[in-house]
Amino acid sequence: MPHNVNTLNDAELSVAVLVSVGRHPLTGRARRADHDARAVEMALSLGDASVQLMHAGDGGEACGDAMRGYLGMGISRVKRINQDPDADVVPALANILRFAAPQLVLTGTRAETGEGSGLVPYLLAETLGWTVVSGLAEIESIEQGVATVLQALPRGKRRRLKVRLPAIATVDSSAPAARQSAFGPARRGELADCACASVTDELQTQWRVQPARKRPKRLKIVKSASARDRFKAAAAKADSGGGQLLNDVTPEQGAEAIFTLLKEEGVLR
Amino acid sequence: MLNTILPILIFTALALAVIGALRRIRLWRQGRPAPVNLFKGLAALPRRYLVDLHHVVARDKMISNTHVATAGGFVAAAVLMILVHGLGIASPLLGGLLLLASASMFVGSLFVARRRINPPARLSKGPWMRLPKSLMAFSVSVFLITLPTVGLLPEGLLEGSTSWFLVVVLVGLVAWGLGEMFFGMTWGGPMKHAFAGALHLAFHRRPERFSTKKGGGGRSTGLKALNLEDETAPLGVEKPADFTWNQLLGFDACVQCGRCEAACPALAAGQPLNPKKLIQDMVVGMAGGSDANYAGTPYPGKPVGEHHGTPHGPIVAPAALPEGASLVDAETLWSCTTCRACVEECPMMIEHVDAIVDMRRHLTLERGKTPNKGAEVLDNLIATDNLGGFDPGSRLNWAADLNLPRMADLQQVDVLLWLGDGSFDMRNQRTLRALVKVLRAAEVDFAVLGDEERDSGDVARRLGDEATFQSLAKRNIATLSKYRFQQIVTCDPHSFHVLGNEYGELGGVYEVRHHSTFIAELYDAGRLTFSPWKGGSVTYHDPCYLGRYNGEFEAPRNVLKALGIELKEMERSGSRSRCCGGGGGAPITDIPGKQRIPDMRMNDVKESGAELVAVGCPQCTAMLEGVVDTSAEVRDIAELVADALVERPAGEASGASRQPAATPTAEEVIV
Ligand code: SF4
Ligand code: SF4
């Protein structure tokens, strides 16, 4: 590990944000990705932390447009690691992170383009041996190399966690919305290109990509006579009645439980 | 004795005035360069002053007469005084003229004084309250010292040793008068308006607004484009020195008459904006200092004396500083509906809206601080080319059953029907359907762009996002250049204004008509027949972007007349129409006030006693219809026309006979 995290104070806090090329759901135009932009917002709200934006990708025209979207938030430069279109970006990102050695890496939960599996933070954490936290809603404080964060749980619940740095954290739509991207800073900001050997994603080359179909929604069956009941049913949150909380189980038991659930739901046949 | 003192006094005052003028000019020159033809401007000055300015002033006959007497008297008296008393050319003729001039000025100053006895709230107080006295001091003293010149008083009267008291009083009065009129004119007294005002008229940033001997004197309402290619040019106005020098000069010309504030809907609604104060704040910023000396109506809810600025300091405090630590608060700038009522009223022809949008440009383009829904709307425009973030492919969904002809299929038509972003609004869709029905009844050869149309960029531009505006505009212009048409017709005055007045600078020049104008023409050509009006009483609300922006007050009224409607005009109508509150992105930035602008407008409607208010703008329809508990119905002119349509008897010749008349013009365009 590169730092002695215990001696760090806020002033020296360095944060890296991994940003990707977003895509507007209706028009498909390139834009800053919503979750990644929220990650940038969270980094910028950390007061005097030094914030570095990084992007690994093929550097196409869409990439330029999207990166300008992040620069417009008042960022002076984005480090852009140029990769072949079919490259796996994890090795390149891991490399650069090891070299830049930030204490905290923030990124969106999943990309809006490409594979969008949401696995990059986990793979990076695994490669670097850092902690990974998902669904950050807020960073409360960072002291002595330990971050106190609020993690978003379903239905607005929050869980306070203490995370030893360095760590990778993902941000989703429960984090504060990103600030407006302004034209002036976007135009002035610098796209600092740097090359890094591409590692071809062999698996992906064998995939066939096709547009997603709209997934059918499960309809709620409302059996009620009065308008009041129907209203209540409509306003009620999606209820996951038959949940099961598993504490202190072995990974095998956990996997077994998930497997059973997926079968019940008909996801696995 | 007087003969020695007077020249000294006069030439000292003149010298001080020149020094003051140079200092003032230095203040203006802090601004950025602007392309102005100095010589032509100065040559046009007398006409601009005597014709155009007085045209505005004369809306208040009393004031205009007062001003002619006082100002005319003063200018003549000043020149003659320099000749007679300064240079000692004591001819009885000049002396007589000087007596006349100073008498006229005195009479004028009496009226000025009378207005100051119980001044309306819109007038500034402070130093302005002493102005009538100064005017009197000047005119009376000049009159008195001139009496001996024409022999009306024995020469010796003021020479004798007993009359020293009289002389001291006279000299005192002359000094007071000269101090206010000569010295104060360039050192920032109330008379500054004459000096700055004259130069402002000469070097106005919109010379097109003024008439020439050949006529003209048109409206010039389109915002000026930012040069986005030049990366060193500032994006809008951050600090007073970012205005062009002639804008700064314009601010300095303000007479604080408060006509603008009396017309401003935002001020009336209790939002933190007062156009007069805003202009004064710009003067404060240009000269450096605090607004503590401002003696007029403040911004509602913002006490005077807490704001201050410098020529090179930010106008709106950056986020790091606490609110109020700068010249103007952002919410003041975002309260404006860009209705142009202030510009229309301003006798000094100051361009408030230009200044407000300039400052908004900085907030949006540099700071990314468009308030409330602003950022979201701009993001929508960037991603989907429409305000609501709707699928651009669904622009024509409302017309699925109408089988509208598309430009892409026809390539060439007489009329391109511009639908505007109202296509996504269910209320406006009713208007559009009505308009289509009317066009079909008149057998107009028209087509729509359909999914190729984008938002005109009106809202983006007025929210300060010039980049998004230009991007939309350029793409719209590229689309329009693919097709041939004689004119664009739209039911949206905002699109009308932008297409007609603002695309030109970017290379798109079109003949654009509002649907009311077009319908009036169709009616005059005998292509529409209406059944008589059977409804109740009707009033008409002039949309700002149709009326004040484009001078179209008559056509909508003519259409309503053709429908057999006798209008009950509201007190504020025509060029003085009160805004509905929907322009300039105001519903998006949504700055709170004490009441809402559309409520006030519907109240105007109520006072007119009308049961229905006819409008010609999707924004107005939405704003006015959004008012709860009103007695009046809101209908677009197109709807009223569509309801009154009478099928013309089949085989009537007029339809066919017009056809050949229209075709050749279509060919002219092709050639
Ligand atoms: S800006 Fe114009 S209308 Fe307003 S107070 Fe000044 S001179 Fe009068
Ligand atoms: S344009 Fe209208 S809202 Fe804006 S300052 Fe002028 S009068 Fe007020």
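## Domains, strands and ligands in a predicted model

In chain A, the C-alpha centres of domain 1 and domain 2 lie 32 Å apart. What you're looking at is a predicted model, where local features need pLDDT of at least 70, side-chain atom pairs count only at pLDDT 80 or more, and totals for chains, interfaces and linings use all residues. To find your way around, note that residues are numbered from 1 along each chain as its sequence is written, chains are lettered from A and ligands numbered from 1 in the order in which they are written, and side-chain values use heavy atoms, leaving out hydrogens and water.

**Domains**

- Chain A splits into domain 1 (8–206) and domain 2 (214–269); such bounds come from an automatic or database domain assignment.
- Chain B gets domain 1 (2–208), domain 2 (240–366) and domain 3 (378–670).
- In chain B, the C-alpha centres of domain 2 and domain 3 lie 32 Å apart.
- Those two parts of chain B do touch: 26 residues of domain 2 are in contact with 29 residues of domain 3 (contact means heavy atoms within 4.5 Å).

**Strands of chain B**

- Start with strand S5(B), residues 412–418, where 6 of the 7 residues are buried (under 20% relative accessible area, with exposed being over 50% and partly exposed in between, using a 1.4 Å probe and protein chains only).
- Strands here are DSSP runs of E with at least two residues, helices are runs of H or I with at least four, and both are numbered from the N terminus.
- S5(B) runs parallel to S7(B), residues 484–490, over 6 bridges; two strands pair if DSSP finds at least two bridges between them.
- S5(B) also joins S6(B), residues 446–448, through 3 parallel bridges.
- Leu416(B) faces Ala447(B) in S6(B), and its bridge partner in S7(B) is Ile488(B).
- Ile488(B), in turn, stands opposite Val512(B) in S8(B).
- From S7(B), the chain crosses through helix H20(B), residues 493–502, to S8(B) in a right-handed β-α-β crossover (with the strands pointing away from you, the path from the first strand over the helix to the second runs clockwise).
- S5(B), helix H17(B) (residues 426–441) and S6(B) make a right-handed β-α-β unit too.

**Ligands**

- Ligand 1 has 13 residues around it, the closest being Cys254(B), Cys257(B), Gly258(B), Cys260(B) and Cys346(B) (near means a heavy atom within 4 Å).
- Residues surrounding ligand 2 include Cys264(B), Cys336(B), Cys339(B), Cys342(B) and Arg340(B).
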